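Please keep the sequence and the model in view while reading.

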Amino acid sequence: MDRSKLYRRFRTLLIANRGEIACRVIRTARAMGLRTVAVYSEADRDAMHVALADEAVLLGPARARDSYLNVERLIEAARKTGAEAVHPGYGFLSENAEFAHACLDAGLVFVGPTAGMMTAMGSKSGSKALMEKAGVPLVPGYHGEAQDEATLSKAADKIGFPILVKASAGGGGRGMRIVRSAAELGPAIVSAKREAKAAFGDDRMLIEKYVDNPRHIEVQIIGDSHGNLLSLFERECTLQRRHQKVIEEAPSPTLNASQRETVCAAARKAAGAVDYVGAGTIEFVSDGKDVFFIEMNTRLQVEHPVTELITGIDLVEWQLRVAFGEALPMRQDEIKLNGHAVEARVYAENPTKNFMPSVGKISTWRLPAETGGLRIDAGYREGDSVSPYYDAMLAKMIAWAPTRDVAIERLNRGLEESDVRGIVTNIPFLSALMTHPKVRTNAIDTGFIERELAVLTSAAPAPGELELCAAVAAIVDDERQAAQGGANSPWQTFGWQPVGRRQRSFAFRVGHGSEQKITLNYGSGPSTLVIGGRELAFAIAPKDGGFDLTLDGVKSAVAAVISGHELYLRTRNGRFDLHWVDPFGGESEEQTGEDKIAAPLPGTVVAVLAEEGATLEKGAPILTLEVMKMEQTLRAPYAGVLKSIKCKVGDIVQEGVELAVVEPSGE
């Protein structure tokens, strides 16, 4: 084929994606002087990537299959805007050979490998056969074409349990199940196939021997159309939950220099088997002694920034230069490893409720400045809405330092200084993970998070003296700013008034706990707070996002967000949510509905797992919802009889809608 049709210089780039990766690609493309075109769904009309691009085209309704996965509409968007090239980002159609081929047929440059390379390496089963032929070490497994349950069961028995059932297409942990016995295999295959079909449009499965206590190591590679193929060192992505990466770092703290060269050479050999062009990642699993090929991702990875920070290379820029038809600007021996980088994925999810996705409007978005080795790749801003239709990742926080220990400290400091409100995020969980002593010493495997989940999601500490005093300061300062319109004034000394003394009482409730009371004394002299019989000298100095609070001569930085009577505080002791009890009364306790089997978020019913009239044990599965491309199984809150099911497979249900009724047993 004429390579000029595949790789040529262009001026206008369409980004066929959304969120953080679309914003990331747009920034580099614009820095290179390219005109950028965003695409969006009806749910993303006001999204950050739409605002950043030079032009934007509406694709269709919110659901991905009607918008970001609609090839015809994407090609038409390129035609309308005069785009000459398409960058697929990651996820969605980034590893879809039909999309790559459709771009070529439409005369567009696809910023990535060819459809043939994608087919050969993008299929987990196909790539394993290719790697076996090339002599790359593989995990024992089945990656054949036959997909009937009998064939898969026979293969699993031959390999020996535990095994891993996983989607041949796609990634991100979707369509993947660990199976430890033959009895678990049938339901796991059905569930994995359904999830894979919904996420990737392809329900083919492969089976691998499950490596206990494994480590996940991957190598970044990139090739050009002139026959050059480079490896850019490795990343360790062992910290995972449900096969979804949570923390990534580069280089791997597990490998020595000799092992590093061995695995990078194996990655180059793997990519060279198809004369690979573009950016990609060769993924390996290690049992502590040997390293086995598991798959290739024929696209840019979410975690590519850690590689960029240790090499000084902009991978998106290199992707675009390869798409221009240029040769890679460096040789293998010119790529140097510098320092260490660690990345954390910030998600809209609630770790204390089984990582349930969180949707809603971001009312507060405060992340630290990108200085001192800290980098933030975000796809959202304050005021943006997080919808239930797409992956829940909001941003990535990445830290670089000369050593791993310092990089971890910098990342944790960035996490601790972040305040996102309006939705629930995993930021406290990430901070707990980064401060865990076993993470610091690299004593981990891919099952580490699941084993340590109780520790990592433990309840926040109860507010102490500092937090209660900070709550009073936040309320009074907020009232003062509202009264004065926020204007600076020499008379803004806290609680100042020309004569006399006043007293004001406050009460706060934390969760469902008892009320905590505190008294403010203010007026012509110094302000004080009385708490638990102690009187403390008290002063504040407002600043963006909060204030400095001085108690008995000790100054502490406080971040604060007030929404009605709800207060969020961040102090040196952590994050706290308090409720200011209405001093005039009239509050009523909210009725909890823990026993109600209702949709936790908007979603689609994909399976009904129990029949009306069935006797259920506590925790028995009743139905499964697909929410944000992940399956959530709703279970019986107690032992009883399933009185009714108020939905059917295929129903799109809204948050809070009752889906089933269980009548408790008389025990």
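In what sense do E6 and strand E9 (residues 205-209) pair, and over how many bridges? The two strands pair in the antiparallel sense, over two bridges. The model is a predicted one.

**The four-stranded sheet**

- An open sheet of four strands runs in the order E6-E9-E7-E8, and its pairing is antiparallel.
- Its edges are formed by strand E6 (141-142) and strand E8 (176-179), each of which pairs on one side only.
- H8 lies across E6, strand E7 (163-167) and E9, and runs at about 10 degrees to E9.
- H9 also packs on this sheet, where it touches E7, E8 and E9. The direction of H9 makes about 170 degrees with that of E8.

**The crossing of H8 and H9**

- Two packed helices are described by the angle between their axes and the distance between the axes.
- For helix H8 (residues 149-159) and helix H9 (residues 182-200), the axes come within 11 Å and cross at roughly 130 degrees. H8 is therefore oblique to H9.
- The crossing of H8 and H9 is right-handed.
- On the H8 side, the contact involves Glu 149, Leu 152, Ser 153 and Ala 156. These residues meet Leu 185, Gly 186 and Ile 189 in H9.
- By class, the contact of H8 with H9 comprises four nonpolar residues, two polar residues and one charged residue.

**The eight-stranded sheet**

- An open sheet of eight strands has the order E14-E13-E10-E11-E12-E15-E22-E20, with antiparallel pairing.
- Strand E14 (291-297) and strand E20 (374-378) are the edge strands, each pairing on one side only.
- From one strand to the next, the twist of this sheet averages 25 degrees.
- Strands of a sheet pair through backbone hydrogen bonds, either parallel or antiparallel.
- E20 pairs with strand E22 (residues 393-401) in the antiparallel sense over five bridges. Along this pairing, Asp 377 stands opposite Lys 396 in E22, and Ile 376 stands opposite Met 397 in E22.
- E22 also pairs with E15 in the antiparallel sense, over eight bridges. Here the bridge partner of Tyr 347 is Met 393 in E22.
- E22 is mostly covered, with eight of its nine residues buried.

**The crossing of H2 and H12**

- The axes of H2 and helix H12 (residues 315-324) come within 9 Å and cross at roughly 65 degrees.
- The crossing of H2 and H12 is right-handed.
- H2 contributes Arg 24, Val 25, Thr 28 and Ala 29 to the contact, while H12 contributes Leu 315, Val 316, Glu 317 and Leu 320.
- The residues of the contact of H2 with H12 divide into five nonpolar, one polar and two charged.

**Two individual residues**

- His 49 lies in helix H3 (residues 48-52). With a relative accessible area of 1%, His 49 is buried.
- Leaving aside residues up to four places away in sequence, His 49 touches a set of residues that includes Asn 17, Arg 18, Gly 19, Ala 22, Cys 23 and Ile 26. Also among the residues touched by His 49 are Ala 38, Val 39, Tyr 40, Asp 44 and Tyr 68.
- Is Glu 261 buried or partly exposed? Glu 261, which has its place in helix H10 (residues 257-272), is partly exposed, because its relative accessible area is 44%.
- Glu 261 and Ser 231 are 30 residues apart along the chain, and their C-alpha atoms are separated by 9.7 Å.

Key: Residues numbered from 1 in each chain as written. Predicted model: local features only at pLDDT ≥ 70, side-chain atom pairs only at ≥ 80, totals over all residues. Heavy atoms only, no water. Axes fitted to C-alpha atoms, helices over the stretch in contact; angles between N-to-C directions. Parallel < 35°, antiparallel > 145°, perpendicular 65-115°, else oblique. Left-handed = near helix turned anticlockwise from the far one by under 90°. Contact = heavy atoms within 4.5 Å. Nonpolar A, V, L, I, M, F, W, Y, C, P; charged D, E, K, R; others polar. Pairing = 2+ DSSP bridges. Buried < 20%, exposed > 50% of the residue type's maximum accessible area, 1.4 Å probe, protein only.
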